[in-house]
Amino acid sequence: MTERDFDASEQLLDQVRQALADDRPLCIQGSASKAFLGRPSAGERLDTRAHCGIVSYDPTELVITARAGTPLQTLRAAVEEAGQMLPFEPPAYGEQATLGGTIAAGLSGPRRPWAGSARDYALGTRVITGLGKHLRFGGEVMKNVAGYDLSRLLTGSFGALGVLTEVSLKVLPKPRACFSIKLSCDAERALLKLAEWGQQPMPISAACHSADFLYLRLESGEGSVAAAHERIGGEPIASAFWDDLNEHRLPFFAQPEPLWRLSLPNNTGILDLPGEQLIDWGGAQRWLKSSASAASIRQVVEAVGGHVTCYTAGITSEPFQPLPNLLLRYHRQLKTQLDPQGIFNPGRLYAQL
Amino acid sequence: MNILYDERIDGALPKVDKAALVQALNARVPDLTVLHRAEDLRPYECDGLSAYRTVPLLVVLPERIEQVEVLLKLCHERKVPVVARGAGTGLSGGALPLEQGVLLVMARFKQILEIDPAGRWARVQPGVRNLAISQAAAPYGLYYAPDPSSQIACSIGGNVAENAGGVHCLKYGLTVHNLLKVQMLTIEGERLTLGSDALDSPGFDLLALFTGSEGMLGIITEVTVKLLPKPQVAKVLLASFDSVEKAGAAVAQIIAAGIIPGGLEMMDNLAIRAAEDFIHAGYPVDAEAILLCELDGVESDVHDDCQRVYQVLTEAGATEVRQARDEAERLRFWAGRKNAFPAVGRLSPDYYCMDGTIPRRALPGVLKGIAELSEQYGLRVANVFHAGDGNMHPLILFDANQAGELERAEALGGQILELCVAVGGSITGEHGVGREKINQMCAQFNSDELTLFHAVKAAFDPDRLLNPGKNIPTLQRCAEFGAMHIHHGQLPFPELERF
């Protein structure tokens, strides 16, 4: 615990109730490290950062609970100290990123295809609702099927359904051995190899292809990691590569064109799109630096069963992939039910929400 | 069935003109199999929780999605409740029929539509059995990880509706962690796709919301599951302890050593003796508790981890640690655990299986509490426990033919669940709320939280036609239940007669 630990939930609740009384929208914000993602949302700022601190953490229970304003760095340091990790490796996109923003954005890092996503590790949440109530869903247990899984619904909802005030996350022990390598290999061959290895019990926990190199992280027990390295070969690299990839600090991301994220079925072949591509998630996530239009990129990606998010602000009015009409209708109905006055981050995800 | 489980607590039953409904179904979906005679309906009166029975108004057995579509439109127009059912193996009465409702049996949709080994997924119809998916994927060296004990019979549609677990959840997750996409029909008969063939999809995570929603939000018509490469080897250690506390502490020590076992199960003495008597697994019948610890993965890692776990168990005070010498012995060790329910069933004419979850550190206290309740209610309780993920399955032994025993078993079960909630756990880890635990939901959630659940329901099914009376209790039900509870608190025993 740090000296900044503070329970500010009453103040947050007061601000929400006042906004409801005045029928004024709120813009929920931690450190604004992910403000570049999504549509701009007008409204009075509701700052979660004062509501801060780790509430409970018992490493042998594999669960950590912390207030939404807790810096992601603080959380990482705490689990690290106990030899554990947040397996979904959330990107922070800023030094001050908070837990609340991390879960509201629902983003996951390089380990995602093998270990699961942010929502997979969300066990419980406390949330201030659109009816001005501070409620608790889920909890600190691994298995819990009582009621609807609100914690996972809220993960990645960009604050549209309520204010997250506390989150319980499953954590895991760090693997005993971790070894990163790079191999000279073109993209086509990299995808073929990844599809082949994916069907075998290989200890791969990250796989990226960029500029004629395939980068792999091997993680598990010492024996299997050594065996996999022997089999695959390749040149050792520093594990910091994965942080640089996750935080978009690789030279690829410095190119001037807008950045697009393509989420794809994991066995999708090479996609022919204007601009530069970087393959992540063993093929299931690709980063594209391109000046092509959103519509033209989406057309190619939709055809293979994927979707596209624009990661550069101000390029398109719909940074998130537009939803089919019927699905959008159910999104709106859910929003109307949970936030009847529409005060939480209106328009951040979609204009109609 | 006692008064608290009665659907009427949630309000008057809808009035459905059965003859007119059958006629309309025959006219609009002429090739749909509709059962409406008493003798045909009887076999569908319960699911895997046979203590609760209701004969449905009608049973329909569609074979094409279009039939389901029209059926739902018809039921929506006429405000007829619909309960979906897969293989009927659920243990919480989630597919318990309604007197005035249609039971929609999805069991005939049992085609495996596509397996993509390179993409590592399988696209299947909802009636496909859990185990059948792994069998179909086996030639590619792949399998579907969640393995509920009923996996030989239970179907994937029901697994999704209940967010089914199994003995390997700690390492491989629940159903929700192993899905890519679900096709569903809304109560209005519209086709919706939740999730995608990619690892995520735009908008709210409706796939996560839908998983475990117990047939309250829509009808599952197709499921795409993730497949994993089969672990190279699996080895199992069997450790005996002279106290349950020591066994519980050993579990925490295994995890503190940085090891996540594929399976980590605990059984108490009554469960050990029952299983040994039935299966002859080689369990130590004098032990107060045993732990089964399975380590799976690549051979060299498993070998190292076995040594580490062996040491941890010994240091934690195990009186004996044995590693299964070969695959036959490994399977025998597991057979004892996997047959624990029927084994306990041999000790007593009936048993009632509970499904609470707790933080693991609370285990000694909760087991002590269960022992006290067991004595208080005069019913034996055997404990089987997914120790790795804190999911308890206390088995309450009773004889339904003895007046009042079922009611006592229910009351004892309810108290055990409330004990789980009191230590920060949940009333259900993997079996679902269904009708069985509907009253205990009032203990786990306050009225504002339940109101939010009802709001979620209203977004998909405002007329509450899908599986009404399950999963989320009405506030009036909680008021009734709360009133009875206070009454209980005042009197030690006589209140039991009211159950």
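Mentor: Let us begin with the contact itself, bearing in mind that this is a predicted model. On one side stand 77 residues of chain B, and they are in contact with 69 residues of chain A. Several helices of chain B each supply at least two residues of the side that touches chain A: α6 (169-172), α7 (206-210), α8 (244-256), α10 (299-315), α15 (441-444) and α16 (447-460). The largest share of that side comes from α16(B), with nine residues. Sorted by class, the side of chain B that touches chain A has 35 nonpolar, 26 polar and 16 charged residues.

Chain B has 17 helices and 18 strands. Its radius of gyration is 23 Å, close to the 23 Å that the globule rule gives for 499 residues, so chain B is as compact as a globular protein of that length. Along the principal axes, the C-alpha atoms of chain B fill a box of roughly 70 × 65 × 40 Å. Of the 499 residues in chain B, 58% are buried. Among the contacts in chain B with a separation of 6 or more, 71% are between residues 24 or more positions apart.

Chain A is divided into domain 1, residues 9-173, and domain 2, residues 177-310. The C-alpha centres of these two domains of chain A lie 27 Å apart. Where the domains touch, 11 residues come from domain 1 of chain A and 13 residues from domain 2 of chain A. The side of domain 1 that touches domain 2 in chain A has seven nonpolar, one polar and three charged residues.

In α2 of chain A, which spans residues 72-81, the residues A:Leu72, A:Leu75 and A:Val79 are buried. Seen down the axis of α2(A), the buried residues fall within an arc of 65°, so they line one face of the helix. The face turned away from that buried side of α2(A) carries the exposed residues A:Ala77, A:Glu80 and A:Glu81. As for what covers the buried residues of α2(A), the elements of chain A include β4 (63-67), β5 (84-85) and α3 (99-105). Just after α2(A), A:Gly83 takes a positive phi of about 75°.

A positive phi is also found in residues of chain A other than glycine. A:Asp212 is one of these, with phi near 70°. A:Asp212 sits in the loop that joins β11 (204-210) to β12 (213-220) of chain A. Because A:Asp212 has 11 C-beta neighbours inside 10 Å, it counts as exposed, the cut-off for that class being 12 or fewer. A:His248 has a phi near 60°, again a positive value in a residue other than glycine. A:His248 belongs to the loop between α9 (240-246) and β14 (259-263) of chain A. With 15 C-beta neighbours inside 10 Å, A:His248 counts as partly exposed.

To return to your request, the contact between the chains brings together 77 residues of chain B and 69 residues of chain A, and α16(B) gives the largest share of the side of chain B.

Technical notes: Residues numbered from 1 in each chain as written. Chains lettered and ligands numbered in written order. Predicted model: local features only at pLDDT ≥ 70, side-chain atom pairs only at ≥ 80, totals over all residues. Domains from an automatic or database assignment. Contact = placed C-beta atoms within 7 Å. Nonpolar A, V, L, I, M, F, W, Y, C, P; charged D, E, K, R; others polar. Buried ≥ 20, exposed ≤ 12 C-beta atoms within 10 Å, placed from the backbone. Helix = DSSP H or I, 4+ residues; strand = E, 2+ residues; numbered from the N terminus. Arc of directions from axis to C-beta. Rg over C-alpha atoms; globule rule 2.2 N^0.38 Å.
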